Amino acid sequence: MRGMSIIVRIIVAILGGLVILYGLYVTLTGHLAPGGGFVGGVIIMAGITMMVLAFGGERARELMKEHHCQMLEGFGALAFVIIALLGFFAAGSCFFKNFLPTGKVHELTSGGMIPLSNVAIAIKVGAGLTGIFLALVLGCRSAMFRKGK
Amino acid sequence: MGVELVILLLIVFMIISALIAVEASDLLSAVIAIGAAGFALCAIDLLLAAPDLAFPQVLVEIITLVILIRMIMTRQDTSRQTPKDTLRTAMVMLACGMFLIVVFLAVGGMNTSGTIPSFGRPVMGSFDDTGVSSQYLFRCAQDTGAANVVMGILLDYRAYDTLGEATVIVVAILGGYAVLRRIGRKKREVKS
């Protein structure tokens, strides 16, 4: 897959980092404002998608592979389950027990395990959707090229 | 009443664009019609004061549109291969609609004293009630420490449901990988 024109590339080079930064912000402040892990992961994936579409598939293929995304997705899902099990074993009573101190409301460190769960979900959703995107757009296209050769 | 009217108009718009998506002879116009339906759903979410729901909906619509259009542009022939049967689709949709109307009337219907409450009325009790929703609203800040009540419910009171949703996403993505994997495609190429 070839990249797009120089105008698109420069605009994406400026905006791509900002989009990913916004995704991180939405993930980390999910317990303070509307947002959360799912949305943050999808925003990060949107930034990566934008850059892959603008700069072409070859460069993206050098930087990241599908199995990296699969590994990260598994790591995120496992982290979410481990947080749940920590509530069960470390804090005693029940699955998904909020075992960390809840802190002061409206502070970034409040909410106990809610920010941690948000980060785990963001990793899982972002990596999973990025992997699906790479498999759909780059994989199919390169297979078509191989058939053409 | 004004909000209800706008929501009804948006629902009619969604139904029309879904019909266009089913009936369009071009894949690109079908994809764009699906996107229109999705954005109308986002507008309904915003009108019902649910930004937590509208936010991911907008994002997923944008991503889906980009990926689908990108995939369609890589194909040379964008006409759809599957034969379409307008009469059968219309009959199935009519039957589904009739079924939903019958269910709606059977469990209470327009009667406010029935099982389904009237539009806009909170289901699980109001503020002065002792229902579970008011307990969530009152105690969320001190129980979970989260200022956003939605996130407090999603990841603390009802985290088990969120685990189920996460499992659904993982299984869907695994299914996508299984369909798109290269090994099976290579074998088929060798065979043919």
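Modeller: Happy to. A polar contact is a pair of N or O atoms within 3.5 Å; within protein, one must be able to donate a hydrogen and the other to accept it, and residues adjacent in sequence count only if both atoms are side-chain atoms. By that rule, 7 residue pairs, both at pLDDT 80 or more, are in polar contact across the interface of chain B and chain A. The model is predicted, with local features needing pLDDT of at least 70 and side-chain atom pairs 80 or more, while totals for chains, interfaces and linings use all residues. Residues are numbered from 1 along each chain as its sequence is written, chains are lettered from A in the order written, and side-chain values use heavy atoms, without hydrogens and water.

Between them, chain B and chain A bury about 3,900 Å² (accessible area, 1.4 Å probe, lost on being put together, summed over both). Carbon and sulfur atoms carry 74% of that area. In contact (heavy atoms within 4.5 Å) are 39 residues of chain B and 58 of chain A. On the side of chain B that touches chain A, the elements giving two or more residues are α3, α5 (132–144), α6, α7 and α8 (182–191) (helices are DSSP runs, H or I, of at least four residues, numbered from the N terminus). Of these, α3(B) gives the most, with 12 residues.

Beyond its neighbours within four places in sequence, B:Leu155 touches A:Phe80, A:Met113, A:Ile114, A:Ser117, A:Asn118, A:Ile121 and B:Thr162.

One charged residue deserves a stop. A:Glu73 sits in helix α4 (residues 66–89) of chain A. Its contacts, sequence neighbours within four places aside, include A:Lys124, B:Val170, B:Ile173 and B:Tyr177. A:Glu73 is buried yet has no salt bridge; A:Lys124, the nearest side chain of opposite charge, is 5.7 Å away (Lys and Arg count as positive, Asp and Glu as negative; His and chain ends are not counted).

Note on methods. Buried means under 20% relative accessible area, exposed over 50%, partly exposed in between (1.4 Å probe, protein chains only). A salt bridge is a side-chain nitrogen of Lys or Arg within 4 Å of a carboxyl oxygen of Asp or Glu. Buried area is the accessible area (1.4 Å probe) that two parts lose on being put together, summed over both.
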